[in-house]
Amino acid sequence: MYDWITVAFFAGLIVLLLQRSVGDGPPRDSMLHYAFPAVGCAVTNYLGNHDQHVLAILLFVAVVGYTFYFLKPLQLR
């Protein structure tokens with residue numbers, strides 16, 4: 001289950017990065033802004049696969065919260 005959820009979320013991060021990298025003007029965020037969610041997805045997957053479900057869920061909630069707070073994927077320019 002963790003594999004599919006984290007891969008889907010990571011794919012969304014990739015689409016967001018690619019969409020913002022081709023926009024007009026200076027980029028709103030750098031590659032470093034995507035580092036925490038990307039690594040967080042990998043660690044979430046690792047923890048979930050090693051039966052640490054509570055930690056995996058808490059970390060994934062933190063990753064989603066970070067993404068919506070700092071990257072603002074639903075905000076229009």
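Predicted model: local features only at pLDDT ≥ 70, side-chain atom pairs only at ≥ 80, totals over all residues.
Q: Which residue sits in the loop between helix 2 and helix 3?
A: That loop, between helix 2 (35–49) and helix 3 (53–71), contains D51.

Q: What is the phi of D51?
A: Phi of D51 is near 60°, a positive value although the residue is not glycine. Most residues other than glycine have a negative phi.

Q: Is D51 buried or exposed?
A: D51 counts as exposed because its relative accessibility is 61%, and the cut-off for exposed is over 50%.

Q: And K72, where is that found?
A: K72 is in the segment after helix 3. Its phi is also positive, near 45°, in a residue other than glycine.

Q: Why does K72 count as partly exposed?
A: The relative accessibility of K72 is 35%, so K72 counts as partly exposed; that class lies between the 20% and 50% limits.

Q: Changing topic, which residues make the nonpolar surface patch?
A: F10, I14 and L18 make the patch, with an area of about 260 Å².

Q: Where is I14 found?
A: I14 belongs to helix 1, which covers residues 2–21. With a relative accessible area of 35%, I14 is partly exposed.

Q: Now T44: buried or exposed?
A: T44, a residue of helix 2, counts as buried because its relative accessibility is 1%, and buried means under 20%.

Q: What is T44 in contact with, leaving aside neighbours within four places in sequence?
A: With those neighbours set aside, T44 is in contact with Y2, T6, A56, L59 and F60.

Note on methods: Residues numbered from 1 in each chain as written. Heavy atoms only, no water. Helix = DSSP H or I, 4+ residues; strand = E, 2+ residues; numbered from the N terminus. Buried < 20%, exposed > 50% of the residue type's maximum accessible area, 1.4 Å probe, protein only. Patch = residues over 30% accessible without salt bridge, like charges linked within 9 Å, V, L, I, M, F, W, Y side chains within 5 Å. Areas by Shrake-Rupley, 256 points an atom, 1.4 Å probe, with all protein chains shown as cover. Salt bridge = Lys/Arg side-chain N within 4 Å of Asp/Glu carboxyl O. Contact = heavy atoms within 4.5 Å.
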